[in-house]
Amino acid sequence: GGVPTMYWSLLSVLDESIDIARLAENLRVAVAGGAALPVEVHRQFQERFGVTVLEGYGLSETSPVASFSRLGSQVRVGSIGTPITGVEMTLIDPGSWEELKPGEDVIGEIAIRGHNVMKGYYNRPEATRESISPDGWFRTGDLAHRDADGWYFIVDRSKDMIIRGGFNVYPRQIEELLITHPSVSLAAVI
């Protein structure tokens, strides 16, 4: 298990002096969380070690896991998986609590409901009202789309979205494209 930076760091130090085949023989499962794993890092890790990294997602407010790519199911690179047992996830309009209809091209804010969601922010009733609906949905601030099978793919944080010429530009999508270039190791778009 590790955060994306650990996978990136491991890949960046591999050279001819390291017996990658021996390492790969002993590696059965790899999991990542804490931040979005860049698709290129995911691809390179799978290519070098023959293991697909399973990604999870959660926040402190969701104690901490809400979804995961399940061992044994076909992993979708770039996905945070499906909700864990006892947890519901949906996409809502970022400006309201309106649930969005499923669709590959529909981007909405992830909302989570379940036994793992906090009761509220300590001594911050206004912040609690803004982030938790009366029926228990917690709004995460993360924008995503969901495929036909219910797998979620984070696009970016709602606060990071840039509106340029009437188009929504997501820094993570630009970062994902930049690191596919062979001369770029890692990128951060702000």
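At what angle do helix α1 and helix α3 pack, and how far apart are their axes?

**Entry 1: the model.** I noted that this is a predicted model, in which local features need pLDDT of at least 70, side-chain atom pairs count only at pLDDT 80 or more, and totals for chains, interfaces and linings use all residues. Residues are numbered from 1 along each chain as its sequence is written, and side-chain values use heavy atoms, with hydrogens and water left out.

**Entry 2: two helices.** I looked up helix α1 (residues 4-13) and helix α3 (residues 39-49), which pack at an angle of about 50 degrees with their axes 10 Å apart. Helices here are DSSP runs of H or I with at least four residues, strands are runs of E with at least two, and both are numbered from the N terminus. Axes are lines fitted to C-alpha atoms, for helices over the stretch in contact, and angles run from 0 to 180 degrees between N-to-C directions. I recorded α1 and α3 as oblique to each other, since angles under 35 degrees count as roughly parallel, over 145 as roughly antiparallel, 65 to 115 as roughly perpendicular and the rest as oblique. The contact (heavy atoms within 4.5 Å) is made by Y7, W8, L10 and L11 of α1 with V41, Q44, F45, R48 and F49 of α3. I sorted these residues into seven nonpolar, one polar and one charged; Ala, Val, Leu, Ile, Met, Phe, Trp, Tyr, Cys and Pro count as nonpolar, Asp, Glu, Lys and Arg as charged, and the others, Gly among them, as polar.

**Entry 3: positive phi.** I found S63 in the loop between β2 and β3 (67-68), with a positive phi near 50 degrees. N123, in the loop between β6 (103-114) and α4 (125-131), has a positive phi of about 55 degrees.
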